[in-house]
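Hi,

Here is the structure I promised to pass on.

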Amino acid sequence: MDQEILRAVRAFDLPEGDIQAESHGNGHINRTYRITISGDSGRYILQWINQHVFHHPDQVQENILAVTSHLRKKIQADGGDPERETLRVIPAKDGKPYYYDGKGNWWRIFPYIANTSSRDLPDTTALFEECGRAFGRFQRRLNDFPAASLYETIPNFHNTPWRLEQLENAARKDPEGRLKDIKEELAFCLKRAEWTGKLTEGLAAGKLPLRVTHNDTKLNNVLLDRETGRAICVVDLDTVMPGLMAYDYGEAIRTGASLAPEDERDLSKVQLSMDLVKAYTRGFLAETGSEMVEAEICSLPWGARMMALENGMRFLTDDLEGDRYFAIHRKRHNLDRARAQLTLVKRMEERWDEMLEALET
Ligand code: ADP
Ligand code: GN1
Ligand code: MG
């Protein structure tokens, strides 16, 4: 096994024993391993934090420690089980919430939450409604957390007008000579420039309140209990930062209410399921509806459209720049992803009235 993994596990405050590591999960950013230690009944999730994406991994870990400590208290007060319902940061032997090896590698470790799995696409509307409840609960339990105390782990993360500027810059430079293949997709994005500021402007005008948000509410960031199917724990807390409710609603709809994978090449399969949209909305609003101001509720469908466009633009930018950000598994993978996401934008536009009506369900 990779010596770096062994060294990393040994840096944490864990029982001694023979270490086994297996790759785990489907993320595009960090590297995740499931760890077992002989003689210890527990298992662990070890993650290498991508420093190219998170420039201050220590700040990421400080955020996660603060947020999970807050969540633990709320879960206890609700009569829940904090060991299953939130992540727990295991400290390194030097007491820090991470291990840095001095050579550019940052690591963290959490207990593995047993008998759970995650899905890239929802199997049923009931499951997706459950996920809506889980992200809604996460949001509700953090509504009294001091947002200003959190580090902004990725500046401009959901600043969609800025994402569009990045795309235009990449197109101007065209470092890999790929612009010729993406002219149509670029034009699609530019045509939507006027509404990319809809959420950021709502925030600046004081109409949309700033909250503590997850910001990466992909379906596979919810752990589901294998026996009951219940959504029990929200993971992937790297991007928990101040943000807008519409981001968390929107990113979930983007990834969970589409009937095709994020990188589907057959664009006729990229369809929006209104049953899934309604199911998620029901679950999310059941937990958060009473917390939100009217303008915020109205902004939710825009969040979905914005997240689909924003991800489409990010994938397109990464394709132009030679695939430096998102891990790819085939040639022009980011272009496939971009095409699927922009198709999803189109589907949302076609069914816009229904998306607005879904708020009433
Ligand atoms: P990435 O940022 O690369 O998406 P995640 O933190 O989401 O990484 O982890 C990848 C996958 O590992 C998740 O989708 C989930 O299925 C699983 N996972 C993460 N943390 C845990 C945990 N503590 N217990 C069990 N499974 C986990
Ligand atoms: C990344 O880490 P993962 O795979 O959950 C990305 C998200 C994108 C997503 C697209 C920190 O999420 O913003 O929406 O890929 N995370 C970061 O699949 O950039
Ligand atoms: Mg993830």
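Helix H8 (245-256) and H10 each put at least two residues into the shell around ligand 2. H10 gives the most, with three residues. Bear in mind that this is a predicted model.

Of the 19 residues around ligand 2, the ones that come nearest are Lys 218, Glu 262, Asn 311, Arg 314 and Tyr 325. Sorted by class, the shell has seven nonpolar, five polar and seven charged residues.

A few polar side chains reach oxygen atoms of the ligand. For Lys 218, an N or O atom of the side chain is 2.8 Å from an oxygen of ligand 2. Arg 314 has a polar side-chain atom that also sits 2.8 Å from a ligand 2 oxygen, and for Glu 251 the distance is 3.2 Å. On its own ligand 2 exposes 440 Å², and the protein buries 97% of that.

Back to H10, which covers residues 294-320 and includes Glu 296. Is Glu 296 buried or exposed? Its relative accessibility is 1%, under the 20% cut-off, so Glu 296 counts as buried. Leaving out residues up to four places away in sequence, Glu 296 touches Leu 208, Pro 209, Arg 211, Met 245 and Glu 291.

Then there's helix H4 (residues 125-141). Among the buried ones are Leu 127, Phe 128, Cys 131, Phe 135 and Arg 141.

Cheers

Technical notes
Residues numbered from 1 in each chain as written. Chains lettered and ligands numbered in written order. Predicted model: local features only at pLDDT ≥ 70, side-chain atom pairs only at ≥ 80, totals over all residues. Heavy atoms only, no water. Helix = DSSP H or I, 4+ residues; strand = E, 2+ residues; numbered from the N terminus. Buried < 20%, exposed > 50% of the residue type's maximum accessible area, 1.4 Å probe, protein only. Contact = heavy atoms within 4.5 Å. Near = heavy atom within 4 Å. Polar contact = N/O pair within 3.5 Å; in protein donor to acceptor, adjacent residues only side chain to side chain. Areas by Shrake-Rupley, 256 points an atom, 1.4 Å probe, with all protein chains shown as cover. Nonpolar A, V, L, I, M, F, W, Y, C, P; charged D, E, K, R; others polar.
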